[in-house]
Amino acid sequence: MKKALNTVSAFQFFQLARYSTLILIGIVFAKTALTQSEIGEYETFVFVAGALSFFWLNGLLKALLPIGNNSERSKTNIFSAFLVIQAFSLLAALLLYFLQPLFSQLLLNRHPVPEINLLLAFIILSAPASLVEHYYLLRNKNKAMVIYAIISFGLQLILVLVPVVLGFPIKWALIGLVLSAFFRYAWLWILLIVNNELFASGAFIREHLKLGSPLVIATLLGGSAQFVDGFIVTSRFSEEAFAIFRYGARELPLAMLMANALSSAMLPAFANDSNRHENLQQLKASVTRLMHFLFPLTAVLLLVSKPLFPLVFNPGFAESATVFNVYLLLIISRLMMPQTILNGLQITKPIMLASVMELILNVSLSLVFVQFWGLPGIAFATFIAFLFEKIYLAYSVKKRFNISIAAYLPVGIYTLYSLGIVVIFIFAELIY
């Protein structure tokens with residue numbers, strides 16, 4: 001168990017480093033001479049790249065973790081997964097290249113797709129490069145993962161921020177972003193060559209695609225909330241408003257990443273169903289530790305976000321604070337993890353069905369709420385849809401495996417924390 005927890009901690013550190021890099025880039029951008037329109041161009045670049053790749057990439061990576069070490073020739077698995085992900089990234093780039101006018105017309109409020117050639121290169125390189133941290137996770141190379149996170153994201157900060165600080169146009173920051181993806185991509189190849197893992201398995205590719213297909217669909221439907229939100233904003237508001245929304249729509253720093261990292265790191269353990277009770281206890285203990293850290297942090301951020309946003313960024317982003325506060329409420333659903341059990345046991349159909357219902361609910365409520373509350377209304381719709389999805393998945397786990405939510409979540413403490421966060425949110429928005 002100690003080894004598993006160390007793996008969880010290393011993967012959480014990697015995700016924290018990724019998120020901290022994004023936040024620091026946003027802070028520095030807001031403090032430079034860049035206009036909100038230029039910042040919006042950078043955010044649109046990253047947003048479009050994510051929208052075209054997040055669903056199939058996350059679905060395939062989730063499918064890789066339970067089966068990545070289960071073959072007699074495990075050295076074929078990473079390279080086989082690389083071939084699949086590289087093929088998907090090339091297809092995504094081709095679709096964007098040929099459909100960019102339609103993309104601009106329907107989803108970007110007639111704004112052109114920013115720096116299309118750089119964007120295509122970024123999609124082709126960055127998606128396969130995500131295999132590096134999963135390689136370390138599957139091989140239990142925790143120290144190497146931490147070192148890799150420090151070096152790779154430190155390099156990204158230098159390549160993206162230095163041109164902007166020196167006064168170069170935003171295009172040079174985008175070039176730096178592409179270069180950082182290239183270095184991660186090159187490191188993946190070095191790992192595969194040095195460790196003699198350039199072997200492909202047709203059987204593993206078929207298994208990967210079979211398990212991954214429902215997860216890809218589920219991630220497309222359910223995990224698309226942030227992109228649905230973004231496209232509603234880009235289709236109705238200006239680039240400046242999109243920048244305001246994106247700076248606020250970042251959820252709790254640590255919450256999403258630490259929760260997702262815990263869930264991902266537990267998948268290989270749940271793949272061994274003979275240790276189900278021990279795995280449930282480990283998941284519950286890990287969630288409890290996260291709760292005692294993340295809920296108090298959320299409470300503090302709810303109380304300080306409004307005075308803090310103009311100081312950390314600039315006064316033009318003051319409106320982002322309310323959007324941010326609504327996204328902070330997502331911690332209530334993030335720390336419910338029935339999907340970890342289903343993914344680990346390779347039961348993916350309930351996840352896909354839950355994602356369908358979440359997407360329908362999210363889009364419907366967003367279109368209604370935006371009429372009354374503007375940008376915060378879109379965030380409220382996401383909160384409700386996410387919570388509904390987790391409740392449905394918890395019901396599915398109970399019905400299929402007779403595993404109550406109390407087996408993997410400390411229900412009493414969780415309920416008290418959740419109610420407290422809602423009360424503090426109301427106080428921060430309406431009274432404070």
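R18 counts as partly exposed, because its relative accessibility is 28% (buried means under 20% relative accessible area, exposed over 50% and partly exposed in between, with a 1.4 Å probe and protein chains only). The model is predicted, so that local features need pLDDT of at least 70 and side-chain atom pairs count only at pLDDT 80 or more, while totals for chains, interfaces and linings use all residues. Residues are numbered from 1 along each chain as its sequence is written, and side-chain values use heavy atoms, with hydrogens and water left out.

A search of the whole structure finds 2 salt bridges (a side-chain nitrogen of Lys or Arg within 4 Å of a carboxyl oxygen of Asp or Glu). In one of them, R18 is paired with E133, and the closest N and O atoms are 2.9 Å apart. Because R18 belongs to helix α1 (residues 2-31) and E133 to helix α5 (residues 131-138), this pair ties together parts 115 residues apart in sequence. Helices are DSSP runs of H or I with at least four residues, numbered from the N terminus. E133 is buried, at 2% relative accessibility.

A salt bridge also joins E197 and R139, at 3.0 Å from N to O. E197 lies in the loop between α7 (170-194) and α8 (202-222), and R139 in the loop between α5 and α6 (142-165); the pair therefore ties together parts 58 residues apart in sequence. E197 is buried, with a relative accessible area of 2%, and R139 counts as buried at 18% relative accessibility.

How values were computed
Helices (H or I, at least four residues) and strands (E, at least two) are DSSP runs, numbered from the N terminus.
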